[in-house]
Amino acid sequence: MSPTTSPNPPSLHLQVLCRNLSSIPPTQLPRSLPSLTQHIARCERALSTTPQDQKKPKDDDTCRIALLVHKLKTIITTLLTGRNPHARFAAVGLVKAVVDVGGWETLRGSEPWVRGLLSIIQRGDHIATKELAIVTLTRIYVLLQPYPTLTREIATPTIPAFATACLQLIKPTASTPTASVLETICDAFATLIPLYPTTFRPFSGQTRSAIRACLAPTSRDASSLFVTRALQRAAGRLAVSLHHVATKSGSSDDWAKRVEGLIRELHATADQVLRSVHEAWPSSDGYLPTKVSPDGEPSGGSASPDELPPWIGLSAGVERLVGLFLHLADYLTCPTRGPVAVPLSAIMGTISRVCLIAKPSPKSQNWDQALETNPAIGREEKEELWCLIPEIHVAAMNLSLVMLRRFEQGLIPLIPEMLDNLVRIFKSGMDVPEVRQSGYLVLNSILSIAGPTLSKQATASIEPLMAACCRDLQHDAGLLERSVDLPATDPTSTKKNKMIANADLFLRSSPSSSAASQDPTLDADHRAAAEHLLPALLSNVPQQHVKASLRRLVDKTAILTRNRDAMLASVLHPYRDRRGRVYPSILPHLTMLYPQDQGLEVIRTNMRLSSSLATRALSTVEDEAELEDDEDEDEGEREDGAEEIDVEPRDVTENHAETITESSTVTPHPTTAPDDASQQVQTAHLESNPFAPTPEEQTPPFTAQPNPPPKRKHDGTSAANPPKRRSETKNPSPKRQEAEEAVPSDTATAATVVAAAAVATTSIHSPPVDEDDDSDESVHLNMELDEDDAEDEMDE
């Protein structure tokens, strides 16, 4: 409880508190407990006064405070040991509040309260009172641990009785406890065992036997207790903390032994669950799958107190396998007593084994085509396995996520294998929301560790996740239409088969009404995972390896979903293709949506005018066509069998999206004043080659012709025509013919005009500059043609 300040003196609150405890009927005390604990929180200084402070000169207020504190403790002790159950419940809450704010002064006199709380747990009080007493005792033991004297006097003599009373509540022969009480006991033990390992050592075996049914529960267990996910995690943390009770030198060995046994149990369960598939799994830790009898149902487990309970049936086996993955993650997240050796290779082997059970091409293959199945297993079991395999994949990805967050940079050597597993199961279960959510989380963690180092092939492999992330966000925002497949309308077949067609399928509503009536389908965690992944796709993925259409989809999703972080990442990481061409920035949209953002102000102050003159947005039809050609070439270089990803989903606000895209892709060309010669030179260079860098040397000033003369048109050449143009119908030279053939048909007119302007300016004031672009080559060729014309005139 956090203390609160009050302008009133502590003596006033103590006086009101003692008066209320004496006047309120015992049956009404539980309802008044919140207000009573509030008064206690405001008396922190009075309750935590030490004997050294009491030796100072006393006044009337100090003496009154000491008397009121003594009176308060006496009233609480009387209520705690009384016969009224309501009063005892209120007394337990008051003890917890006083101990939280009292400090050492209150702890040194807490032994009577500890005895009273133990008696409440041991006798037949209400289960809510027992649970609150367990929480209060755990808090007292945690606060006593820093003081060796108090620990020796209070904690050490009473902890065995506390552990025995708690185990009596959760032992199998007792009445079935509620999941809440069992979770509270597990949390209490997991908190106290690292602090008092020697004291809890005699109870380690009983504790492990009591919680074994909660570590990886199944629906076919003999226990009638429903194990919640919170209880399962509390039991897992308690099982991991039991290695503290071993000797100091053997705690690490005990931890490693438990992890090794858990991995063996996981493989044995996988042998039973995956018996309908002939696995092609290369074991990295020396484990070989055992042959399983095809008779009967899959089964496993043992009745031994040290092992997990038995299970029967495929669904129960999948639940046990998922629980084992979660329990293995507990060993990686809970703290240990000393340094331990983590078997990363063996853990990755368990993940890779279940990830290989997937469909590489779910659209063109079914499970029987993608995997080699066991003909001795019935079709019913196989079909059930195909339906349950996404749950196993999600559990494996959650374990991978725990490893990435726990080891971070130390897991870089295993990143390629993790990425392969992620892409494989994502393609196989893309239609399952849980698979997509876990895939987004794992990919985000991978990109934060090794994203900038991804190769082109690795970047291409995560394209399905990038496209799916954009689709999920747009669909959640109501920007996508619900695709409805209309049935084929064949009058003859309808009459012959007498099929009944649904007339509502032929009535298509307007996009606005369908978008308004469609509710978001993503839950909060799924939406958060996709929103956090979107900025990482722009900031942590090498943009030179990303397709232009996919980058366009990511930018569009960031704008339409108003993702501020993604838009900022897009501005900070502009897209450049392999030829150095720059995609248009979405800074105008960021400015419009977040005009007061501080990050936007930083970007504005760091912008340079030269960047806008050195680059041009890809807004012309020719540039878009070249980009599509580049993407087609990239697709041709990929391996055979790769599926094409649709990165252009139809959205309800199609016209609005096109308007946003068009407004963001149109970039005005820089203009200069007529008298600024240097700017005219730079602009002319930009028009001739928009994607070439700005030259370092400055061209001498010149005066451009207002109307440059157009190129002369020539007739076609033939073998009979002489190479030199001496007649009136001058034939083009071979150099001029090669230059015209090198220019594409769709850009011939533009190239002609630009080349003519370049000839007019270059031939007057400057010699030709030898560069590697097509426009300069046209300049040199035109200059040579002009020299040939001059020679012909002299010869004539």
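**Salt bridges and a surface charge patch**

Arginine 353 and glutamate 279 form a salt bridge through their side chains, with an N to O distance of 2.9 Å. Arginine 353 belongs to helix α17 (residues 344-355) and glutamate 279 to the loop between α15 (251-273) and β1 (299-300), so this pair ties together parts that are 74 residues apart in sequence. The model is predicted, and a search of the whole structure finds 19 salt bridges in it.

**Burial of the lead pair**
- Arginine 353 is buried, at a relative accessible area of 1%.
- Glutamate 279 counts as partly exposed, with 25% relative accessibility.

**Salt bridges between helices**
- Aspartate 100 and arginine 139 meet through their side chains in a salt bridge of 2.9 Å, N to O.
- Aspartate 100 lies in helix α6 (residues 85-102) and arginine 139 in helix α9 (residues 127-144), so the pair ties together parts that are 39 residues apart in sequence.
- Aspartate 100 counts as buried at 18% relative accessibility, whereas arginine 139 counts as partly exposed at 32%.
- The side chains of aspartate 330 and arginine 233 form a salt bridge of 2.6 Å, N to O.
- This pair links distant parts of the chain, with aspartate 330 in helix α16 (residues 314-333) and arginine 233 in helix α14 (residues 229-241), 97 residues apart.
- Both aspartate 330 and arginine 233 are buried.

**Negative surface patch**
- Glu391, Glu434, Asp523 and Asp525 gather on the surface in a patch of negative charge.
- Aspartate 523 is placed in the loop between α25 (511-517) and α26 (524-539).
- Aspartate 523 is partly exposed, with a relative accessible area of 42%.

How values were computed
Residues are numbered from 1 along each chain as its sequence is written. This is a predicted model: local features need pLDDT of at least 70, side-chain atom pairs count only at pLDDT 80 or more; totals for chains, interfaces and linings use all residues. Side-chain values use heavy atoms; hydrogens and water are left out. Patches are made of residues with over 30% relative accessible area and no salt bridge: like charges are joined within 9 Å, nonpolar side chains (Val, Leu, Ile, Met, Phe, Trp, Tyr) within 5 Å. Accessible areas come from the Shrake-Rupley method with a 1.4 Å probe; for residues, only the protein chains shown count as cover. A salt bridge is a side-chain nitrogen of Lys or Arg within 4 Å of a carboxyl oxygen of Asp or Glu. Lys and Arg count as positive and Asp and Glu as negative; His and the chain ends are not counted. The place of a charge is taken as NZ of Lys, CZ of Arg, CG of Asp or CD of Glu. Helices (H or I, at least four residues) and strands (E, at least two) are DSSP runs, numbered from the N terminus. Buried means under 20% relative accessible area, exposed over 50%, partly exposed in between (1.4 Å probe, protein chains only).
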